[in-house]
Amino acid sequence: MIEIQDITVKFGGVVALDQVTLKIADDVVGLIGPNGAGKTTLTNAFSGFVNVANGSITVNGTNLIDLAPHLRTRWGLARSFQKVQIVPDLSVEDHLKAVLDGKGIPASQRKGAVSKALEYVGISDIRFRKGSTLNPYQRRMTEIAKCLIGAPRIVLLDEPGGGLSESEMQHLREVITGIHPEFGAQVLLVDHDVDLIRDVCASTAVLDFGKLIAFGQTDEVLADEVVKTAYLGR
Amino acid sequence: MQLLTHKSTLVGLVALLLAVILLPMFAGALWVKVLTSAAIFALAASGVSLVYAQLGLINLAQIALIGIGGWIALRLNYGTALPVTLIVLGSGILTGLIGALFALPALRMRGLYLALVTLMVAALFQIMFNAFQFPNGGEGFWGVAQKSAASIRRPAFAETDEAYFRYVLIALGLSFALIGLHKAGRPGRAWAMTRQSEANAMAAGINVTFYKLWAFALSGLLAGIAGALLAGALGQLDARSFLAGEGILLFALAVVGGAFSWLGAVFAGLLYKLLPALFNDWGLSADIALIIFGGALMHAIMTAPHGIAGQILGAFNKEKSDD
């Protein structure tokens, strides 16, 4: 259970997140909203990349706001970025090893952990390829594999579907829905793609101008007139 | 990747072996001295290159750290009876700690601002070296005497210039190996993730501050070892050798030589010490080297960001792919 309580983030005079309060219990939860609504700011508040003016994010009694950013990852917070972060001269395996380094996984378990994550997202065949040689889909899957290694508790996916073809999107859907059964982590999915959200998220939260305007069962939320107005500008 | 590393290691080992055996045999007395200095500055340049290539940070204070390493080595040499190799290592470690200490306030900076801060550090030590000079066997903490006949010790097995050159080359080889181990291991991965972006590194659970400091400490260690070896090579150090401007030159040559491989550091050392000596030998002004360095830096920045070493290695790789 993730409890977001009164989270407020300000950039100078702009209130990017305004006392957002949410209780997330489902395995996969969507976060949508128009551009500038505060979606990425909320994921950045999870990661510790923005200063939180007020509020807390508590998971099973641990307030993430109290931890330094890298310690949040070691605790079990994993995230992908809207702009995929793949190092050109590092192999796919080394990307995953870099995450394991900080988590203190014993050497005997490392190889197996890397294999499991790569196998799960379906890129075992490119394990030793350099980042610079990967296509956009492989880069995206490498980034997701990075999120799944080393026993994550929460996985934040920031627009993971960007630039993927329809068949690749289908694979992405399977990957996202399988994360909780396979790895035990709760997933918070930020995306513009309403179809993807509808297919994989049990519940969905909607942000607009930094405020939470709707939260509940995905179908109900997407049918909500307020959400439609905010999203489609009607 | 592993094969490439393996090959690069093999080529490096063979080159080192040949240099250790052959160079002192065929180079004359003067050139052994010049090449010893070149190898020492290659060692220091490898530290500058490490910080630049791994983290994209510009360190212009390496010359000051060489001076600090030299100062500590001279101080320990005259003040203790410790074995010389231990003094070299101790100087390196202490200089590494000092390097990390100075890097601490600079960690939030990058680019031009970090470069300026490191230049100020170099200027600070330039003044300190001028004011306090290097120990030469005198009394007291600073150990400076007006006239001193005390000579610096070299390792018992490396008393002659030829043997000392071999000693320096082995130290250079070991330093390259240390850098190679770092690049291939946990610090290398952490630096790579940080180079991509700090947010990316933090999201991977990497303690960015620690690994940045670690890079500066390792670079400082190499500078300190270089300084200690330089003191042993020259027998005495002169404050005029450690001007802040020399730090800029060393960084520029590390870029010209190629910051991304050990070969680049070797080129940097050769350009810094061998080229001016060659001009002198040919009866030309050594300052011509500075003009060449300027042109070479322009060339490196515009067309060869991986430096001379990158161009050579690139040519080899191209040949291989043509086969």
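In the predicted model, helix 3 (residues 62-79) and helix 10 (residues 244-257) of chain B have axes that come within 7 Å and cross at roughly 115°; the two helices of chain B are therefore roughly perpendicular to each other (angles of 65 to 115 degrees). Axes are lines fitted to C-alpha atoms over the stretch in contact, with angles from 0 to 180 degrees between N-to-C directions, and helices are DSSP runs (H or I, at least four residues) numbered from the N terminus. Gln62(B), Ile63(B) and Ala64(B) of helix 3 meet Glu246(B), Gly247(B) and Leu250(B) of helix 10, where contact requires C-beta atoms, placed from the backbone, within 7 Å. These residues divide into three nonpolar, two polar and one charged (Ala, Val, Leu, Ile, Met, Phe, Trp, Tyr, Cys and Pro count as nonpolar, Asp, Glu, Lys and Arg as charged, the others as polar).

Between the chains, 17 residues of chain B are in contact with 23 residues of chain A. Helix 7 (186-196) and helix 8 (198-203) of chain B each give two or more residues to the side that touches chain A, and helix 7 gives the most, with seven residues. By class, this side of chain B has nine nonpolar, five polar and three charged residues.

Val168(B) touches Thr36(B), Ala39(B), Ile40(B), Leu229(B) and Ala233(B), residues up to four places away in sequence not being counted.

Residues are numbered from 1 along each chain as its sequence is written, and chains are lettered from A in the order in which they are written. Local features of this predicted model need pLDDT of at least 70, side-chain atom pairs count only at pLDDT 80 or more, and totals for chains, interfaces and linings use all residues.

Technical notes: Contact = placed C-beta atoms within 7 Å. Parallel < 35°, antiparallel > 145°, perpendicular 65-115°, else oblique.
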